[in-house]
Amino acid sequence: MLRERNMTQKDLAQATHLTEAAISRYVSGQREPRAITVANIAKALGITPQDVTGDERDQEIDGAIRLIARNAGSLSEEQRAELINVLAKR
């Protein structure tokens, strides 16, 4: 995907505010990125989270992230913290 977009791992790291080492581990499969990281990588590449992982569950996560973002103003601090915990465990 990086080559198709004329990006290096360094470019992607800068666009997502991650380290080059983290990007390298994700690309090589040594580590699995969290859902929010997948979303950030997808956004930087201009693709969907499913395109990043090839996992159909990511479509659900992408939709949930959009729904949360749209309604973030109406969530309590407790609800926001709970959502963050759930996403961080992914």
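Mentor: Begin with surface: accessible areas here come from the Shrake-Rupley method with a 1.4 Å probe. By that method the protein exposes about 6,500 Å², and carbon and sulfur atoms supply 48% of this area. Keep in mind that this is a predicted model.

Trainee: What is the mean pLDDT of the protein?

Mentor: The mean is 84, and 88% of the residues reach 70 or more.

Trainee: How many helices and strands does the protein have?

Mentor: There are 6 helices and 0 strands, so the pattern along the sequence reads α-α-α-α-α-α. Among contacts between residues at least 6 apart in sequence, 42% join residues at least 24 apart.

Trainee: What share of the residues counts as buried?

Mentor: Of the 90 residues, 24% do. In soluble globular proteins, nonpolar side chains tend to be buried together. Here the largest nonpolar core has 11 residues: Leu-2, Met-7, Leu-12, Ala-13, Ala-22, Ile-23, Tyr-26, Ile-41, Ala-42, Leu-45 and Ile-47. Helix 1 (9-16), helix 2 (20-28) and helix 3 each supply at least two residues of this core.

Trainee: Which residues of helix 3 are buried?

Mentor: First the general idea: an α-helix has 3.6 residues a turn, so residues three or four places apart point the same way. In helix 3 (residues 35-45), the buried residues are Ala-35, Thr-37, Val-38, Ala-39, Ile-41, Ala-42 and Leu-45. Just after this helix, Gly-46 takes a positive phi of about 70°.

Trainee: Which residues does Leu-45 touch?

Mentor: Setting aside residues up to four places away in sequence, Leu-45 touches Met-1, Leu-2, Arg-5, Met-7 and Leu-12.

Trainee: Why does Thr-37 count as buried?

Mentor: The cut-off is under 20% relative accessible area. Thr-37 is buried because its relative accessible area is 11%. This residue of helix 3 touches Leu-18 and Tyr-26, not counting residues up to four places away in sequence.

Trainee: Is Thr-16 buried or exposed?

Mentor: Thr-16 counts as buried, because its relative accessibility is 8%. Thr-16 lies in helix 1. Leaving aside neighbours within four places in sequence, Thr-16 is in contact with Ile-23, Asn-40, Ile-41 and Ala-44.

Terms used. Residues numbered from 1 in each chain as written. Predicted model: local features only at pLDDT ≥ 70, side-chain atom pairs only at ≥ 80, totals over all residues. Heavy atoms only, no water. Buried < 20%, exposed > 50% of the residue type's maximum accessible area, 1.4 Å probe, protein only. Helix = DSSP H or I, 4+ residues; strand = E, 2+ residues; numbered from the N terminus. Core = buried A, V, L, I, M, F, W, Y, C linked by side-chain atoms within 4.5 Å. Contact = heavy atoms within 4.5 Å. pLDDT = per-residue confidence, 0-100.
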